[in-house]
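Open the model in your viewer and keep the sequence panel beside it.

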Amino acid sequence: MTPSTTPLTTARRPRLARWFTDTGCRHVVGILACIFAVFPLLYILSVSLDSSGTLTGSNRLFESFDLTNYINLFTTANVPFGRWFANTLVIGIVTSVATVFLGALAAYAFSRMRFTGRRLGLLTLLLVQLFPQFLAVVAIFLLMINIGRVFPAIGIGTHAGLIMIYLGGALGVNTFLMYGFFNTVPVSIDEAAKIDGAGHARTFFTIVLPLVTPILAVVGLLSFISVTSEFIIASVMLTTPEDQTLALGLYTLVSGFQSQNWGIFAAGSVIAALPVVALFLFLQRFIVSGLSAGSVK
């Protein structure tokens, strides 16, 4: 009997086939999915390190290592990247914090209180989210023009007005998501606090909020990501280059017919992704539990 046909080798083949059927195929699919997801990121990083400023010259990944695009991003006179970055951070952080706070208040009220119109309000919040926000661009534009005539601080071309629009669009779905998570907190905790003399405000801030930290982190992260990458509403609201966000500013780098610089655009995209990645890594321990618990309820 040759070594290739020994009983041990014959026994290993079914086990190998069984392992591939049960587990191995999942590893293959996972590896292919990772390659599919990582390749665009590597390509953008490679383009940002290529001083040619074109996409056709960057077909070979990391063929050159040059920081010229990153230097030009901060030194070019007509590219206020620092202002765009600061504007994006301010708008994103303020919108995320306000969304989490107001959404938590609304979710607590829907979860713990019984009032007229409660069920209709929840249904309305769910139905409103079926329509994309950009369908109301014209209405938002006309509304903000009229508001700006009375209150210029929140009219067209202001960050405060843009934040208010973002809050109006984000509170619905986030309130419904938080509502599902709040329902997982036993009502007996509220009743025990009420017996000890605590009101709704003290129960909410000192007892319930620490218990729902995972969903607060999830909503804050999702809100920050959606705000920093939003383009349509921001392009209508922000009219001057210095007040624009990263999404608008980076678009101007490649929107010209003969003035496209993909190298600087790629460098700006890499830097723009850093706050989102940092926030994700900081909140990752809350993300899985926050999404799963809210969705199950």
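**Stop 1: a nonpolar surface patch**

Select Ile232, which lies in helix H10 (residues 232-237). The model is predicted, so treat every value here as computed from it. Ile232 is partly exposed, at a relative accessible area of 37%. Which helix gives the most to the nonpolar patch? Colour helix H4 (residues 118-128): it gives four residues, the most.

**Stop 2: Thr228**

Go to Thr228, in helix H9 (residues 213-229). Is Thr228 buried or exposed? Thr228 has a relative accessible area of 15%, so it counts as buried. Show its side chain. It reaches the backbone oxygen of Phe224 at 2.8 Å and that of Ile225 at 3.1 Å. Beyond neighbours within four places in sequence, Thr228 is in contact with Thr88, Ala247 and Val276. Then draw a C-alpha to C-alpha distance from Thr228 to Ile93: 9.4 Å in space, across 135 residues of sequence.

**Stop 3: the cores**

Select Ala104, Met178, Phe182, Val212, Ile215 and Leu216. These have the most contacts inside the largest nonpolar core, which has 19 residues. Helices H3 (81-112), H6 (159-182), H8 (200-211) and H9 each supply at least two residues of this core. H3 has the largest share, with five. Centre on Phe182. Leaving out residues up to four places away in sequence, Phe182 touches Ala104, Ala107, Tyr108, Ser111, Arg112, Phe204, Val208 and Val212. A second, separate core has 15 residues, among them Ile91, Met144, Leu167 and Ile233.

**Stop 4: the salt bridges**

Side chains of opposite charge can pair when their charged atoms come close. How many salt bridges does the count come to? Two.

Show Arg83 and Asp243 for one of them: their side chains meet at 4.0 Å, N to O. Arg83 is in helix H3 and Asp243 in the loop between H10 and helix H11 (246-254), so the pair ties together parts 160 residues apart in sequence. Arg83 is partly exposed, with a relative accessible area of 41%.

Finish at Asp190 and Arg112, whose closest N and O atoms are 3.0 Å apart in a salt bridge. Asp190 lies in helix H7 (residues 187-195) and Arg112 in helix H3, so this pair ties together parts 78 residues apart in sequence. Asp190 counts as buried at 10% relative accessibility. Arg112 is buried too, at 15%.

Conventions. Residues are numbered from 1 along each chain as its sequence is written. This is a predicted model: local features need pLDDT of at least 70, side-chain atom pairs count only at pLDDT 80 or more; totals for chains, interfaces and linings use all residues. Side-chain values use heavy atoms; hydrogens and water are left out. Buried means under 20% relative accessible area, exposed over 50%, partly exposed in between (1.4 Å probe, protein chains only). Contact means heavy atoms within 4.5 Å. A polar contact is a pair of N or O atoms within 3.5 Å; within protein, one must be able to donate a hydrogen and the other to accept it, and residues adjacent in sequence count only if both atoms are side-chain atoms. A nonpolar core is a set of buried Ala, Val, Leu, Ile, Met, Phe, Trp, Tyr and Cys residues joined through side-chain atoms within 4.5 Å.
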